[in-house]
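User: Hey, I'm new to this one. Can you walk me through it?
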Amino acid sequence: MAAQIPDPLPTGFRLGEYTIDRRIGGGGFSLVYLAFEQDGQPVAIKEYLPDGMVARAENGAVKPISEEKEKTFRQGMRYFFDEGRTLANIRHPNVVEVTNFFRANETVYMVMRYERGKTLQRHIYDMREEAMREGFIRGVFIQLLNGLREIHAQRLLHFDIKPSNIYIRQDASPLLIDFGAARQALLGDQKYVPMYTPGFAAPEQYNQKDRLGPWTDIYGIGASMYACVAKKPPPPANERVVEDKLVPAAKEFADAYSPEFLDLIDSLLRLSYTDRPQSVFSVQKRLIELVPAHAKAAVKPTLMDVIKNRLSKAL
């Protein structure tokens with residue numbers, strides 16, 4: 001039997017100081033709406049609404065469909081609320097900005113700054129018949145890694161980096177979104193519950209939680225870069241561990257991209273976590289080194305300076 005999918009909030013529904021306009025995304029664990037503040041300012045609102053666990057009442061309230069589902073629903077709601085509280089303390093141009101989070105309708109809502117653009121997954125789909133430019137991919141991930149560096153500095157891991165969680169604004173700058181899996185502090189959390197997307201999740205996310213670290217998100221970065229090139233994700237890591245059928249990008253796409261760029265992707269997708277780059281800095285450094293000398297002026301000087309200065313201190 002298919003999971004029961006709750007109805008979205010209708011157009012015009014008043015949610016505290018916000019008015020719902022329409023659903024614009026989400027699915028699985030949450031829905032995302034375009035809404036407006038009282039002064040007409042647009043915002044994106046994410047509603048905790050897991051499929052197969054709850055139903056929507058006529059007044060908008062969310063109710064678990066059974067006592068068995070209620071415990072799981074309540075635990076997930078606490079995680080969702082913690083996510084909002086964590087992101088509300090982070091201000092970074094490449095990380096989604098949470099401006100408010102609150103309880104209503106027997107569930108939890110997260111209010112985010114509304115950005116115009118589309119996901120990287122949509123870019124991949126729109127360009128399915130043509131190669132995505134290497135320069136575009138490099139530019140997106142050089143900036144995105146700035147946001148991921150901030151997340152890691154907060155002693156958090158994202159755990160679900162994939163093209164549908166990378167939002168590209170109209171000015172081509174990327175935004176890391178949907179931190180629904182960002183449960184795990186780098187120091188360890190015994191309550192960690194595995195959450196992952198096959199193809200983009202590292203091997204250790206399946207059954208080796210004691211080996212989780214920054215390199216786990218780095219695998220997700222590599223899988224997302226691979227998807228830009230191949231127009232599909234690599235095979236699920238748990239299958240690769242049994243029999244690795246992934247043809248190295250350096251071999252598969254040698255006629256379309258530079259060997260250094262493809263070698264970097266392959267290094268991020270290594271099955272052993274110790275064989276991957278261990279920090280976001282090292283990945284950023286390699287990506288920047290791939291930028292042709294005449295084009296380096298296009299990379300923000302502040303970004304170059306920060307990376308160089310911090311890398312030199314680490315050596």
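Analyst: Here's a quick tour, beginning with the ground rules. This is a predicted model, with residues numbered from 1 along each chain as its sequence is written. Local features need pLDDT of at least 70, side-chain atom pairs count only at pLDDT 80 or more, totals for chains, interfaces and linings use all residues, and side-chain values use heavy atoms, with hydrogens and water left out.

User: How many helices and strands does the protein chain have?
Analyst: Ten helices and eleven strands. Those are DSSP runs numbered from the N terminus: helices are H or I with at least four residues, strands are E with at least two.

User: And how much of the protein chain is buried?
Analyst: 49% of its 315 residues. Buried means under 20% relative accessible area (1.4 Å probe, protein chains only).

User: What comes after H5?
Analyst: Lysine 231 follows H5, and its phi is positive, near 65°.

User: Switching to strands: which way do S2 and S3 run?
Analyst: Antiparallel, with six bridges joining S2 (residues 18–26) to S3. Strands count as paired if DSSP finds at least two bridges between them.

User: What about S3 and S4?
Analyst: Also antiparallel, and seven bridges join S3 to S4 (residues 42–48). Alanine 35 is the bridge partner of isoleucine 20 and stands opposite valine 43 in S4.

User: Which residue takes a positive phi in the hairpin of S3 and S4?
Analyst: Glycine 40, near 90°; the hairpin has five residues between the strands.

Methods
Buried < 20%, exposed > 50% of the residue type's maximum accessible area, 1.4 Å probe, protein only.
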